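Visitor: I am new to this one. Please show me around, one step at a time.

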Amino acid sequence: MQESKLLLAGASNYGLADPGQNTSLSLSQITTCLLTVYPSYERLMVGKVMSLLVDEICHAFVDVQKNIEYEEFGVEYED
């Protein structure tokens, strides 16, 4: 992550916050659309629970990204 003339070769967990959040949002939206084709109380509840889980997932991705940046740069963010 720090400036260097070397290219990263191999896996890295840096920069996964945005793709992870977008993936969880997309999967939740697609699943909710499919669940509401034949709506029922249970299916609507599943959609609501998924929405709550997506919120937690998004916060978790941000927290992991902040921890990685803290370990690399020593920068702390205020919530």
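This is a predicted model: local features need pLDDT of at least 70, side-chain atom pairs count only at pLDDT 80 or more; totals for chains, interfaces and linings use all residues.

**A guided tour**

Visitor: How are α1 and α2 oriented to each other, roughly parallel or roughly antiparallel?
Guide: Two packed helices are described by the angle between their axes and the distance between the axes. Here the axes of α1 and α2 come within 9 Å. They cross at roughly 175 degrees. Angles over 145 degrees count as roughly antiparallel, so α1 and α2 are roughly antiparallel.

Visitor: Which residues of α1 meet α2, and how do the residues of the contact divide?
Guide: On the α1 side, the residues include Gly20, Ser24, Leu25, Ser28 and Leu35. On the α2 side, they include Met50, Val54, Ile57, Cys58 and Phe61. The residues of the contact of α1 with α2 divide into ten nonpolar, nine polar and one charged.

Visitor: Is Ser24 buried or exposed?
Guide: Ser24 lies in helix α1. Its relative accessibility is 11%. Buried means under 20%, so Ser24 counts as buried.

Visitor: What does Ser28 touch, not counting residues up to four places away in sequence?
Guide: Ser28 also has its place in helix α1. At 11% relative accessibility, Ser28 counts as buried. Ser28 touches Met50, Ser51 and Val54.

Visitor: How many disulfides does the structure hold?
Guide: A disulfide is a covalent bond between the sulfur atoms of two cysteines. Cys33 is exposed, with a relative accessible area of 53%. Cys58 is buried, with a relative accessible area of 15%. The number of disulfides is zero.

Visitor: How far apart are the C-alpha atoms of Ile68 and Gly15?
Guide: Ile68 is found in helix α2. Ile68 is buried, with a relative accessible area of 13%. Along the chain, Ile68 and Gly15 are 53 residues apart. Their C-alpha atoms are separated by 9.4 Å.

Visitor: What separates the C-alpha atoms of His59 and Gln21?
Guide: His59 lies in helix α2. At a relative accessible area of 54%, His59 is exposed. His59 and Gln21 are 38 residues apart along the chain. The separation of their C-alpha atoms is 8.6 Å.

Visitor: One last stop. What percentage of the residues count as buried?
Guide: Ser24 counts as buried, and Ile68 is buried. His59 is exposed. Of the 79 residues of the protein, the buried part is 16%.

Key:
Residues are numbered from 1 along each chain as its sequence is written. Side-chain values use heavy atoms; hydrogens and water are left out. Helices (H or I, at least four residues) and strands (E, at least two) are DSSP runs, numbered from the N terminus. Buried means under 20% relative accessible area, exposed over 50%, partly exposed in between (1.4 Å probe, protein chains only). A disulfide is a pair of cysteine sulfur atoms within 2.5 Å. Axes are lines fitted to C-alpha atoms, for helices over the stretch in contact, and angles run from 0 to 180 degrees between N-to-C directions. Angles under 35 degrees count as roughly parallel, over 145 as roughly antiparallel, 65 to 115 as roughly perpendicular and the rest as oblique. Contact means heavy atoms within 4.5 Å. Ala, Val, Leu, Ile, Met, Phe, Trp, Tyr, Cys and Pro count as nonpolar, Asp, Glu, Lys and Arg as charged, and the others, Gly among them, as polar.
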